[in-house]
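Biologist: I would like to learn how to read a structure feature by feature. Could we take one together?

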Amino acid sequence: MDRPFTILIVDDSAMMRAMLKRAVLLASDDIQIAEAANGLEAIGVMEAREVDAVFTDINMPVMTGVEMLREMTVRGWDQIRRVVVSTDGSDARRDEVRDLNVALYVRKPLAPETIRDVLVELRYAHASH
Amino acid sequence: MLTPATERDALASAFATVAEQSFFAYAEAEDPTPGDVAACPDWMQASVRFTGLFAGHLRVTVPTSLGFELCGAFLGTAPDEVLADTAVSDLLGELANMACGTWLTDAHSAQSFALTHPEVSHVAGPPPSPLLWMSCNGQPVSVALEESAS
C-alpha cells in the first residue's frame with residue numbers, strides 16, 4: 001500500500017502550526033502531518049521518517065528556516081519539496097532562498113485557499129516524478 | 001534610519017491586513033476616547049525586535065479580552081470554548097510578528113530584516129503616546145514603534 005503524502009510543518013508558533021495543519025487537512029484529508037518547532041527539530045524529524053514536503057517559517061529560534069534549508073541541501077535531501085511560509089516577503093529574502101531549492105514562497109498572513117493551491121501544485125509535482 | 005512618523009500609514013495598513021486575513025477582524029486607524037481605554041482593565045503586549053536597514057521594536061498592546069476574541073477567531077473555536085492563556089500569548093506574538101513582517105515587506109521590500117521571537121506579557125496598560133491607535137472589532141489597540149541600535 002502506498003505511503004500517504006507527508007508534510008512537515010515547521011513553525012515556532014504552535015497556534016500557527018495548528019492553523020496550517022487544519023487548512024491542509026481541510027483541503028485534503030489523506031495527507032499525513034508532522035510538526036517541528038524549529039529547524040533543528042525538523043532535521044530530526046526528516047532523519048527519522050520519510051517526508052514529501054516541508055512548510056517552513058523563516059524566523060525561528062535555535063535554527064532558522066534558512067539554516068534548515070541549507071542543511072537539507074548539504075544532506076542532499078532534494079526530493080523533499082520545500083515551501084517557505086513567512087511574514088518576510090522581501091526581495092532580499094526571496095533571493096536568499098532562491099538557490100536552496102525552494103519550490104514555493106508564500107507570505108503570511110495566508111488564506112486557506114492559498115494552502116489548497118499549494119497542495120495542488122505539490123501533489124502534481126510529486127505525481128510527475 | 002527609522003522615522004516612526006513616516007511609517008504610520010504603512011503600519012496601519014499592515015495591521016488591518018493581518019487582522020482581516022488571519023483573525024477575521026475589522027481594524028482601522030482610529031484614536032480611542034479616554035473612556036475606551038479606561039474601560040479595559042487588563043492588557044497584553046506583544047513585542048517584536050527587528051534588525052536590518054534600521055532596527056527597533058514594534059509593540060502591539062491589546063485589551064486581554066480582544067486577545068482571547070482574536071485567538072478564538074484564528075482557531076475557529078466555539079464562543080464558549082475556554083482558551084489557554086498560553087495559546088492567546090502565542091497568537092498575539094504571531095499577530096505582532098505578522099504585522100511587523102507585513103509592514104517591513106510592503107514598505108521596504110528591497111531590504112531584508114531579521115525578526116526576533118516575539119515576547120508577550122500582561123501589562124498595566126498601553127504605553128503613553130503610541131505611534132498609532134487602531135480600532136479592532138471596536139476595541140482599542142496601541143501600536144508603538146521605537147528605533148534602537150542595530
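Biologist: Which residues does Thr61(B) touch, not counting residues up to four places away in sequence?

Modeller: Keep in mind that this is a predicted model. Leaving out residues up to four places away in sequence, Thr61(B) touches Trp43(B), Met44(B), Gln45(B), Val123(B), Gly125(B), Pro126(B), Pro127(B), Pro140(B), Val141(B) and Ser142(B). Thr61(B) itself sits in strand β3 of chain B, residues 56-63.

Biologist: Is Thr61(B) buried or exposed?

Modeller: Buried means under 20% relative accessible area. Thr61(B) counts as buried because its relative accessibility is 0%.

Biologist: With which side chain does the side chain of Thr61(B) make a polar contact?

Modeller: Its partner is the side chain of Gln45(B), at 2.9 Å.

Biologist: Now the interface. How much do chain A and chain B bury between them?

Modeller: The size of an interface is often given as the accessible area lost when the parts come together. Here chain A and chain B bury about 1800 Å², with 52% of it on carbon and sulfur atoms. Of the area that chain A buries against chain B, Met15(A), Thr87(A) and Pro109(A) supply 32%, more than any other three residues. The contact draws on 21 residues from chain A and 25 residues from chain B.

Biologist: How many salt bridges are there between chain A and chain B?

Modeller: There are two salt bridges between these chains. Glu94(B) forms one with Lys108(A), where the closest N and O atoms are 3.0 Å apart. Chain A and chain B also have 13 residue pairs in polar contact, both residues at pLDDT 80 or more.

Biologist: Which element gives the most to the side of chain A that touches chain B?

Modeller: That is α1(A), with five residues. The residues on that side of chain A divide into eight nonpolar, five polar and eight charged.

Note on methods:
Residues are numbered from 1 along each chain as its sequence is written. Chains are lettered from A and ligands numbered from 1 in the order in which they are written. This is a predicted model: local features need pLDDT of at least 70, side-chain atom pairs count only at pLDDT 80 or more; totals for chains, interfaces and linings use all residues. Side-chain values use heavy atoms; hydrogens and water are left out. Helices (H or I, at least four residues) and strands (E, at least two) are DSSP runs, numbered from the N terminus. Buried means under 20% relative accessible area, exposed over 50%, partly exposed in between (1.4 Å probe, protein chains only). A polar contact is a pair of N or O atoms within 3.5 Å; within protein, one must be able to donate a hydrogen and the other to accept it, and residues adjacent in sequence count only if both atoms are side-chain atoms. Contact means heavy atoms within 4.5 Å. Buried area is the accessible area (1.4 Å probe) that two parts lose on being put together, summed over both. A salt bridge is a side-chain nitrogen of Lys or Arg within 4 Å of a carboxyl oxygen of Asp or Glu. Ala, Val, Leu, Ile, Met, Phe, Trp, Tyr, Cys and Pro count as nonpolar, Asp, Glu, Lys and Arg as charged, and the others, Gly among them, as polar.
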